[in-house]
Amino acid sequence: MKKIKIIGCLIAAALLLGGCIPSKELNQKLIVQAIGIDLQDNEYMVTLQVYFPQGGGGQSFVDMSKPNNQIVQGRGETISQAVQDAEMSQGKETFFGHNELIIVGKSLAEGGLFPISSFLNSFNELRPNIHMLVAEDTAEEIVRAQIEGSILPAHVLGKAVSSGEDTGFVTQCTLIDVMKSLKGDGSQIYAPIVGIKKDEDDKIQATFEETAVFQEGRFIGGLDQNHTRGLLWINDQIVRANILVEDESYGKLSVQITRGTTRRKPKLEDGQIIMEICVATKGIINERVSGDISPVQNEDIERIEKQLANTIQQEMEETLEIGLSQYQSDIFNFAADISKYQPQFYIMHQENWSETLPEINCRISVDCNINRLEIETK
């Protein structure tokens, strides 16, 4: 009986405390779906894409023929002030719990992400796994674009980034990746560069043709699509991909990678780090791009497998040269491997890690297995 009384008192206290917490209905808030941040004239400009259903039956219904979103902007000396300015313009508070994207303008990214890190870290509503993208020009342009394909443009971009990495042409960068990198553990981030264009039907589409490479929080250069795929091979992030192979007998062949695995391990030889990178793939020939459509003969498969392996290895070698020597950016996160397997070497070179990167030698081996010969019709 005594326990029941105690439990009753606790419940009553909880109910009383709940009445002290101010709350607002969702229709009194700006439900943010995407955040765009630009730096213009030494001020931050924040562009918010907020959920705004435009169905004829009322504010809770959506109409697929209408945008169902609203653009709200604010400016300020800090990002927090810019957000507050956006709130004041609408008389509503922002709610970031449903936000899917953070888009950073190119000029801001080139100046460095450190000024915005405290803002991103202080908003506990922002989920750590939301995507960060770099705009081809301004973040405002991307956030304002009415990209078709879903109820909300932000949702289309989020899906494109998530599925794009599977194809080997689009990378992913999350908020937690940014925060970890800015702590200075040696690893560097890379993020998809997003642009927009109109198709033949005058509809707006998102484009992902490059990957932004960062060094100590600053955007320093890009990787094209082939080198982006090389990066994803090196980092064991290829789920599937279509690769063109040039063959002497069959012309151009499209090989669909159905499985890819990358294993890496650093070794120390004569005081120098050798990074061994081993790739194993499985795939099928799914299209003859040139010539007739007759099946590839069994006796030619081994030759095509070697050509496929050479194509993959070349993409990886070129990407390593760009990342390690040209940009001196550890987008491959070799720091984690070397600190694990060769800790003494890493401790000795940790302070000047970017200068050490060009001295790392990489040995690449690629094993390709084409296990189906017939050309599939899709």
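Among contacts in the chain between residues at least 6 apart in sequence, what percentage join residues at least 24 apart? In this predicted model, the share of such contacts that join residues at least 24 apart is 67%.

**The chain as a whole**

The chain is built with 12 helices and 13 strands. It has 378 residues, and 45% of them count as buried. The chain exposes about 19,500 Å², of which carbon and sulfur atoms supply 48%.

**Helix α4 and its cover**

Helix α4 spans residues 114-122, and its residues I116, S117, F119 and L120 are buried. Several elements cover these buried residues of α4, including the strands and helices in the table below.

| Element covering α4 | Residues |
|---|---|
| Strand β1 | residues 29-40 |
| Strand β2 | residues 43-51 |
| Helix α2 | residues 79-90 |
| Strand β5 | residues 101-104 |
| Helix α3 | residues 106-111 |
| Helix α7 | residues 175-182 |

**A negative surface patch**

Which residues form the negative surface patch? The patch is made up of E136, D137, E141, E209, E210, D224, E317 and E318. At least two residues of the patch are supplied by strand β8 (204-215), and at least two by helix α9 (301-326).

E317, one of the patch residues, lies in helix α9. Is E317 buried or partly exposed? The relative accessible area of E317 is 41%. Buried means under 20% and exposed means over 50%, so E317 counts as partly exposed.

Key: Residues numbered from 1 in each chain as written. Predicted model: local features only at pLDDT ≥ 70, side-chain atom pairs only at ≥ 80, totals over all residues. Heavy atoms only, no water. Patch = residues over 30% accessible without salt bridge, like charges linked within 9 Å, V, L, I, M, F, W, Y side chains within 5 Å. Areas by Shrake-Rupley, 256 points an atom, 1.4 Å probe, with all protein chains shown as cover. Salt bridge = Lys/Arg side-chain N within 4 Å of Asp/Glu carboxyl O. Lys, Arg positive; Asp, Glu negative; His and termini not counted. Charge placed at Lys NZ, Arg CZ, Asp CG, Glu CD. Helix = DSSP H or I, 4+ residues; strand = E, 2+ residues; numbered from the N terminus. Buried < 20%, exposed > 50% of the residue type's maximum accessible area, 1.4 Å probe, protein only. Contact = heavy atoms within 4.5 Å.
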